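I opened this entry to record what I looked up in the model, one chain at a time, and then where the chains meet.

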Amino acid sequence: MTEDEIRAAVLAALTGVAPDIEDETVDPATPFRDQFDFDSMDLLNFAIALHRSLGVEIPEIDYPKVASLEGCLGYLSGKLQDA
Amino acid sequence: MPSLGSDMEAGTLVEWLVKPGDTVARGDIVAVVETQKGAIEIETFQAGVVDRLVVEPGTEVPVGTVIAHIRGEGEPAAPAPETPTPASEPVAPKAAKPRKPAEPTAPAAASRARVSPAARQRARDLGVDLETLTGTGADGAVTLVDVERAGAAAPAPVPAPAAKPTGDAAAAMRRAIAAAMARSKREIPHYYLATTIDLTRALDWLETENRRRPVAERLLYGALLIKAAALALKEVPELNGFWRDDAFVPGTGIHVGAAIALRRGGLVAPAIRDTDTRELGDVMAAFRDLVQRARTGRLRASELSDPTVTVTSLGENGVETVFPVIYPPQVAIVGFGSVVERPWSVDGTIESRRVISASLAADHRASDGHRGALYLRALDRLLQTPETLA
């Protein structure tokens, strides 16, 4: 899977959780909590959406690693390479 | 036009989801109404055939106005009135009238496989046809996992775009909150109690539990708090219900209203019906569904009118203790703060434990501080044995 495909899947998961988010406005480095008022329920739904679309199961302990776009892309790239 | 709370005076019919001649079952969603709490789906509480739609989309009518006639079996068709009339015959009850959980589907056939409420709800969300599933649960029951599996195999439904709230809608919600909270502070003699609860055992249990659960069935500690708050009410029932006409009216079930902050501002507190009798996984599924729909879609009228008590948590924002305001005519609200690490005495030694502040605001007309204290003690005790909450 290419970086672009992963990015598209992440943005789709993100906008699935919060439909009012616009892709181009996402700041890669800022945590979703600070940008979009994400809470633990949003993060859980985000993890569920990524599991569905990419097949990657994110353990709870790793949630902080996927809490921003930048972190999430890095984490998922590593996971998908390992798979 | 059903009432969704004591602060609601009118609603605007947005669209009909049925037409004359349609057969409806009790609990079916028949219309969408715009209120100060946003767009809300209205269920019917009468089965039959839609005889006549009385109110046109775009019309604002007072609470209690007849908006449609539904003809029961054997009933003659209603005569056509000249104009919409104020209701002496509302299609839905005005308040938290006791009723069975709404199940907006046709009545189950005797031979139909059993389906848990959470699975049924999830199937609706994912657009999965339950009739096509083979249940893997006890006696062939269709489980949440069955639905999730079918949903993953099927193309994902396109989520309905969230309604972009207008400034007017946000202002209307603000006014509704203002009216309810001003009434609460004006009329309800609140008393406040708080305690600190060692949550370490509960969080350890939850971490272990979540490791064995599929991603889609993981639990948040918020669900544990909601379930514990509901069960503790069984021991102090005078905190569960309403203050009406100078008397306490007990709730006919324990339906926890879960306070949900909306991203655009404002909040709603829809009910998780029969919270005390549901399995924890079911409480979590219902909670998750309510949050999702409150933030991206629509809630149903009964969900907003049914709560018998409210639970609010502001812990994720770093708030240590909450001093909540009761939502009238309810008589209590339970608040939770952040989970924080604190030195804690355990069997004579000092340990670092994860603790949480639990607070109670209660109506002094309906209960006294002593009973409120017993409630918080019960809550603490229940959270020390998290496995019993499952």
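Predicted model: local features only at pLDDT ≥ 70, side-chain atom pairs only at ≥ 80, totals over all residues.

I began with how chain A is held together along its sequence: among its contacts between residues at least 6 apart in sequence, I found that 62% join residues at least 24 apart.

**Chain A, overall.** I looked up the secondary structure and found 4 helices and 0 strands in chain A, which read along the sequence as α-α-α-α. The C-alpha atoms fill a box of roughly 30 × 25 × 20 Å along the principal axes. I then checked the radius of gyration, which is 11 Å for chain A and agrees with the value near 12 Å that a compact globule of 83 residues would have. Of the 83 residues of chain A, 34% count as buried.

**The annotated stretch.** I noted that UniProt, in an unreviewed entry, places the feature "domain: Carrier" at residues 1–80 of chain A. Over residues 1–80 the chain is 59% helix and 0% strand, and the end C-alpha atoms lie 8 Å apart.

**Helix 1 of chain A.** This helix covers residues 3–17, and its 15 residues reach 21 Å from the first C-alpha to the last, close to the 21 Å expected at 1.5 Å a residue. Which of its residues are buried? I listed I6(A), A9(A), V10(A), A13(A), L14(A), G16(A) and V17(A). Seen down the axis of helix 1, these buried residues fall within an arc of 160°, so they line one face of the helix. I reminded myself that an α-helix has 3.6 residues a turn, so residues three or four places apart point the same way. On the other side of helix 1, D4(A) and E5(A) are exposed, while the cover over the buried residues includes helix 3 (40–54) and helix 4 (69–82) of chain A.

**Where the chains touch.** I found 15 residues of chain B in contact with 16 residues of chain A. Helix 6 (residues 280–296) of chain B gives the most to the chain B side, with 4 residues. By class, that side has 8 nonpolar, 3 polar and 4 charged residues.

**L193(B).** Finally I looked up L193(B), which sits in strand 8 (residues 190–198) of chain B. Is L193(B) buried, exposed or partly exposed? L193(B) counts as partly exposed, because it has 15 C-beta neighbours inside 10 Å. Leaving aside neighbours within four places in sequence, L193(B) is in contact with S359(B), L360(B), G369(B), G372(B), A373(B) and L376(B). I also noted that the C-alpha atoms of L193(B) and I272(B), 79 residues apart along the chain, are separated by 24 Å.

Terms used
Residues numbered from 1 in each chain as written. Chains lettered and ligands numbered in written order. Helix = DSSP H or I, 4+ residues; strand = E, 2+ residues; numbered from the N terminus. Buried ≥ 20, exposed ≤ 12 C-beta atoms within 10 Å, placed from the backbone. Contact = placed C-beta atoms within 7 Å. Nonpolar A, V, L, I, M, F, W, Y, C, P; charged D, E, K, R; others polar. UniProt positions renumbered as here; feature names shortened; annotations may be inferred. Expected span 1.5 Å × (residues − 1). Arc of directions from axis to C-beta. Rg over C-alpha atoms; globule rule 2.2 N^0.38 Å.
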